[in-house]
Amino acid sequence: MAKKVVTFGEVMMRLSPPGYAKFAQATSFDLVYGGGEANVAISCAYLGMKAAHVTRFPDNALGKAATQFLRHHWLSTEHVLYGGAMLGKYFLEKGAVHRPSEVIYERVGSAFSLIEPSMVDWEDVLKDADWFHWTGITPAISEGAAMCCLDAIKTANRMGIPVSGDINSRQNMWKYGKTMQEVMPALVESCDIVITSRRGIREMFGLGDLDSKFRVSAKALMDTFPKIKKVVGKTRTSVSASHQQIQGKMWNGEEYLKTERLNITHVIDRVGTGDAFAAGLVYGLLHYEDDMQALDFASAACALKHTVPGDVNLVSLENVIDLMEGDTSGAIKR
């Protein structure tokens, strides 16, 4: 039977000038929907897993359109909530070669930011789940979102469901009176898998320093929060906006693992590549007994997302396995 992942977080409308045009050139915008946690769920669905996303949309035509987007990509929307007046949105100007991408957010006061813990029955949501995933974006949005996320994690713990958190710091998002240093420890201490970086560990928990190696910072994090079984990250080398290199890494408490470096020479869309990595890791840890295989799978999924327009990685299980096993040809599948 297929494994099931449940994710929780905001889904936003993404508006981009066509192609690689700048905002100043735009007379129209391409529209898609996306959000870190939903991106993970959709990616897992395309890999053959069952997937459900919990979020809150305004009860209007835009909220229904966003719901339909999730359904279109095979997600269960049984636990989507409705209320509030605004759908969060962001504007993306895609970079090329030496010009970086630019993002402008409009999410203050969104329907999701007004969510409260009493609105979600997590035992019902998680009753048939094999995995729960969240990101550090969600607790940064509002106190209600943070408390709701904590309830989900604690419920998953009681039900014996593994929890992963992708917790790289977003310092500029914390605007409701709490800091990430105050909020994140209570969330992270109950996680089984943490995806982060040396910088994130230092900024959120004061562990390690600028010169610490990833494995040293990861070990310090696991020593501080003993429930964590693996700390995972990736090294991204930006040759240019159009040329990236990706390498996965993991400290599993016993050994430090690194993948081969994958060379992405023609980036189509970089947004959502971290979510593709997280989805690949969730899939890999649920389906492979070997940590190195799971990490290779995550890195291959991440690399492939760079070739897919939009927020979400829509590649198949076969695509990921082929790249994981070394097929970089891009040959036509007939």
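A crossing of two helices is left-handed if the near helix is turned anticlockwise from the far one by less than a right angle, and right-handed if clockwise. The model described here is predicted.

**Helix pairs**

Two packed helices are described by the angle between their axes and the distance between the axes.

| Pair | Residues | Angle between axes | Axis distance |
|---|---|---|---|
| H5 and H6 | H5 143–158, H6 180–188 | about 15° | 9 Å |
| H1 and H9 | H1 36–46, H9 273–287 | roughly 50° | within 8 Å |
| H10 and H11 | H10 291–305, H11 317–324 | about 110° | 8 Å |

H5 passes H6 in a left-handed crossing. Angles under 35 degrees count as roughly parallel. The angle between H5 and H6 is about 15°, and H5 and H6 are therefore roughly parallel to each other. On the H5 side the contact is made by Ala 146, Cys 149, Leu 150 and Ile 153, which meet Val 183, Ala 186 and Leu 187 of H6. By class, seven residues of this contact are nonpolar, with no polar and no charged ones.

How do the axes of H1 and H9 cross? They come within 8 Å of each other and cross at roughly 50°, and that makes H1 oblique to H9. The crossing of this pair is right-handed. Residues Gly 36, Asn 39, Val 40, Ser 43 and Cys 44 of H1 touch Asp 275, Ala 276, Ala 278, Ala 279 and Val 282 of H9. The contact of H1 with H9 divides into six nonpolar, three polar and one charged residues.

H10 and H11 pack with an angle of about 110° between their axes. An angle of 65 to 115 degrees counts as roughly perpendicular, and H10 and H11 are therefore described as roughly perpendicular to each other. Their crossing is right-handed. From H10 the contact takes in Gln 293, Asp 296, Phe 297, Ala 300, Ala 301, Ala 303 and Leu 304, and from H11 it takes in Leu 317, Asn 319, Val 320, Ile 321, Leu 323 and Met 324. In this contact 10 residues are nonpolar, two are polar and one is charged.

**The cavity**

How many cavities of 30 Å³ or more does the count give? The count comes to one. The space in the largest cavity is about 40 Å³. Its lining consists of Ser 43, Leu 47, Ala 276, Ala 279, Gly 280, Ala 301, Asn 313, Val 315 and Val 320. Which helix gives the most to this lining? Helix H9 does, with three residues. By class, the lining of the largest cavity has six nonpolar, three polar and no charged residues.

Some names occur both in this lining and in the helix contacts. Ser 43, Ala 276 and Ala 279 line the cavity and also take part in the contact of H1 with H9. Ala 301 and Val 320 line the cavity too, and they belong to the contact of H10 with H11.

**The second largest pocket**

The volume of the second largest pocket is about 510 Å³. Its lining has 19 residues, and those nearest its centre are Leu 304, Leu 323, Asp 327, Thr 328 and Gly 330. Strand S15 (262–264), H10 and H11 each supply at least two residues of this lining. Leu 304 and Leu 323, named among the residues nearest the centre, also take part in the contact of H10 with H11.

Definitions and conventions: Residues numbered from 1 in each chain as written. Predicted model: local features only at pLDDT ≥ 70, side-chain atom pairs only at ≥ 80, totals over all residues. Heavy atoms only, no water. 1 Å grid on protein atoms, 1.4 Å probe; cavity = no way out; pocket = protein on both sides within 12 Å on 5 of 7 lines; lining within 4 Å. Points joined across faces, edges and corners; volume = space filled by probe spheres on them. Helix = DSSP H or I, 4+ residues; strand = E, 2+ residues; numbered from the N terminus. Nonpolar A, V, L, I, M, F, W, Y, C, P; charged D, E, K, R; others polar. Axes fitted to C-alpha atoms, helices over the stretch in contact; angles between N-to-C directions. Parallel < 35°, antiparallel > 145°, perpendicular 65-115°, else oblique. Contact = heavy atoms within 4.5 Å.
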